[in-house]
Amino acid sequence: MLCFRCLVNSKENELKPNFLEGIEIDICLECGGIWFDKITFSKAIVIPKEKIADFYSKLDNLRQDSSLLNQDLILNCPKCDVIMNKYRYMYDSSIYIDSCNKCLGI
(Lines give C-alpha, C1' and ligand atoms only; values in the text may rest on other atoms or scores of the structure.)
Protein backbone atom coordinates (compact mmCIF):
# COMPACT_ATOMS: atom_id res chain seq x y z
CA MET A 1 0.00 0.00 0.00
CA LEU A 2 1.35 3.44 -0.91
CA CYS A 3 1.75 6.25 1.62
CA PHE A 4 -1.23 8.60 1.31
CA ARG A 5 0.78 11.62 2.55
CA CYS A 6 3.69 11.16 0.16
CA LEU A 7 1.32 10.77 -2.82
CA VAL A 8 0.27 14.40 -2.28
CA ASN A 9 3.81 15.34 -3.36
CA SER A 10 3.83 12.75 -6.18
CA LYS A 11 6.13 10.39 -4.28
CA GLU A 12 5.31 6.68 -4.31
CA ASN A 13 6.58 5.32 -1.00
CA GLU A 14 5.33 2.00 0.33
CA LEU A 15 3.96 1.73 3.85
CA LYS A 16 6.04 -0.83 5.76
CA PRO A 17 4.73 -3.05 8.56
CA ASN A 18 6.10 -2.26 12.03
CA PHE A 19 5.12 -3.82 15.33
CA LEU A 20 4.20 -2.08 18.57
CA GLU A 21 3.36 -4.40 21.46
CA GLY A 22 2.42 -7.12 18.95
CA ILE A 23 0.18 -4.81 16.88
CA GLU A 24 1.06 -4.40 13.21
CA ILE A 25 1.10 -0.74 12.19
CA ASP A 26 1.94 0.39 8.64
CA ILE A 27 4.44 3.28 8.55
CA CYS A 28 6.01 5.31 5.76
CA LEU A 29 9.76 5.29 6.35
CA GLU A 30 10.07 8.53 4.35
CA CYS A 31 7.61 10.87 6.12
CA GLY A 32 6.49 8.98 9.23
CA GLY A 33 2.88 8.70 8.04
CA ILE A 34 0.97 5.94 9.84
CA TRP A 35 -1.95 3.79 8.70
CA PHE A 36 -4.18 1.96 11.15
CA ASP A 37 -7.08 -0.20 10.13
CA LYS A 38 -10.13 -0.06 12.39
CA ILE A 39 -8.99 -2.92 14.65
CA THR A 40 -5.33 -1.91 15.06
CA PHE A 41 -6.22 1.67 16.03
CA SER A 42 -8.55 0.54 18.80
CA LYS A 43 -5.80 -1.74 20.14
CA ALA A 44 -3.06 0.89 19.85
CA ILE A 45 -4.81 3.70 21.73
CA VAL A 46 -4.95 1.66 24.94
CA ILE A 47 -1.21 0.89 25.06
CA PRO A 48 0.37 2.65 28.08
CA LYS A 49 2.49 5.71 27.20
CA GLU A 50 5.65 4.29 28.78
CA LYS A 51 5.49 1.30 26.41
CA ILE A 52 5.47 3.47 23.29
CA ALA A 53 8.29 5.92 24.11
CA ASP A 54 10.75 4.14 21.77
CA PHE A 55 8.14 4.03 19.03
CA TYR A 56 7.64 7.82 19.30
CA SER A 57 11.41 8.33 19.01
CA LYS A 58 11.44 6.26 15.84
CA LEU A 59 8.67 8.40 14.31
CA ASP A 60 10.42 11.66 15.26
CA ASN A 61 13.51 10.45 13.39
CA LEU A 62 11.43 9.70 10.28
CA ARG A 63 9.71 13.05 9.87
CA GLN A 64 11.72 14.89 7.26
CA ASP A 65 9.22 16.99 5.32
CA SER A 66 7.07 19.23 7.54
CA SER A 67 4.88 20.20 4.56
CA LEU A 68 3.41 16.70 4.75
CA LEU A 69 2.09 17.46 8.24
CA ASN A 70 -0.04 20.36 6.99
CA GLN A 71 -3.56 20.04 8.40
CA ASP A 72 -5.07 21.48 5.18
CA LEU A 73 -3.95 18.57 2.98
CA ILE A 74 -6.75 16.59 1.39
CA LEU A 75 -5.78 12.93 1.55
CA ASN A 76 -7.20 9.88 -0.17
CA CYS A 77 -7.51 6.59 1.69
CA PRO A 78 -4.61 4.28 0.76
CA LYS A 79 -7.01 1.31 0.73
CA CYS A 80 -10.21 2.73 -0.84
CA ASP A 81 -8.88 5.82 -2.66
CA VAL A 82 -11.79 7.96 -1.36
CA ILE A 83 -11.25 11.36 0.24
CA MET A 84 -10.62 11.01 3.96
CA ASN A 85 -12.23 13.17 6.64
CA LYS A 86 -9.98 15.23 8.92
CA TYR A 87 -10.66 15.97 12.57
CA ARG A 88 -8.88 16.59 15.84
CA TYR A 89 -8.31 13.54 17.98
CA MET A 90 -10.25 13.93 21.25
CA TYR A 91 -11.69 17.23 19.88
CA ASP A 92 -9.22 19.60 21.56
CA SER A 93 -5.82 17.93 21.10
CA SER A 94 -3.08 19.01 18.72
CA ILE A 95 -3.30 15.64 16.97
CA TYR A 96 -5.12 15.57 13.65
CA ILE A 97 -6.55 12.34 12.30
CA ASP A 98 -7.59 11.50 8.75
CA SER A 99 -10.24 8.80 8.60
CA CYS A 100 -12.01 6.85 5.87
CA ASN A 101 -15.78 6.46 6.10
CA LYS A 102 -15.70 3.47 3.75
CA CYS A 103 -13.15 1.08 5.34
CA LEU A 104 -12.94 2.91 8.72
CA GLY A 105 -9.15 3.14 8.46
CA ILE A 106 -7.24 5.96 10.15
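Predicted model: local features only at pLDDT ≥ 70, side-chain atom pairs only at ≥ 80, totals over all residues.

## A buried aspartate and its partners

Residues are numbered from 1 along each chain as its sequence is written, and side-chain values use heavy atoms, with hydrogens and water left out.

So who pairs up with aspartate 98? The structure holds two salt bridges, a salt bridge being a side-chain nitrogen of Lys or Arg within 4 Å of a carboxyl oxygen of Asp or Glu. One joins arginine 5 to aspartate 98, with the closest N and O atoms 3.0 Å apart. Arginine 5 sits in helix H1 and aspartate 98 in strand S5 (residues 96-99), so this pair ties together parts that are 93 residues apart in sequence. Like aspartate 98, arginine 5 is buried. As for the words helix and strand, they are DSSP runs (helices are H or I with at least four residues, strands are E with at least two), numbered from the N terminus.

Lysine 86 forms a salt bridge with aspartate 98 too, and there the closest N and O atoms are 2.4 Å apart. This pair links distant parts of the chain: lysine 86 is in strand S4 (residues 85-88) and aspartate 98 in strand S5, twelve residues apart. Lysine 86 has a relative accessible area of 28%, so it counts as partly exposed. Put together, Arg5, Lys86 and Asp98 are linked in a network of salt bridges.

Now jump to aspartate 26, which you'll find in strand S2.

Skipping neighbours within four places in sequence, its contacts include Met1, Leu15, Lys16, Gly33 and Trp35, where contact means heavy atoms within 4.5 Å.

## The three-stranded sheet

Three strands make an open sheet in the order S1-S2-S3, with antiparallel pairing. At the edges are strand S1 (15-20) and strand S3 (34-35), each of which pairs on one side only. Two strands pair if DSSP finds at least two bridges between them. S1 and strand S2 (residues 23-28) run antiparallel and are joined by six bridges.

You can trace individual partners across the sheet: asparagine 18 has isoleucine 25 in S2 as its bridge partner, and phenylalanine 19 stands opposite glutamate 24 in S2. S1 and S2 form a hairpin with two residues between them, and glutamate 21 in the turn has a positive phi of about 50°.

## Rings that meet at an angle

How many aromatic pairs does the structure hold? There are two aromatic pairs. Phenylalanine 4 and tryptophan 35 form an edge-to-face pair, 6.1 Å centre to centre with 70° between the planes. Phenylalanine 4 is in helix H1 and tryptophan 35 in strand S3, so to speak a link between distant parts of the chain, 31 residues apart. Rings of Phe, Tyr and Trp (its six-membered ring) pair if their centres lie within 6.5 Å; planes under 30 degrees apart count as stacked, over 60 as edge-to-face and the rest as tilted. Both phenylalanine 4 and tryptophan 35 are buried.

In the pair of phenylalanine 36 and phenylalanine 41, the ring centres are 5.3 Å apart and the planes are at 70°, so this pair is edge-to-face. Phenylalanine 36 counts as buried because its relative accessibility is 13%, and phenylalanine 41 is buried with a relative accessible area of 15%.

## Lysine 38

Finish at helix H2 (residues 38-44), where lysine 38 is found. Lysine 38 counts as exposed because its relative accessibility is 53%. Leaving aside neighbours within four places in sequence, lysine 38 is in contact with Leu104 and Gly105.

Methods: Buried < 20%, exposed > 50% of the residue type's maximum accessible area, 1.4 Å probe, protein only.
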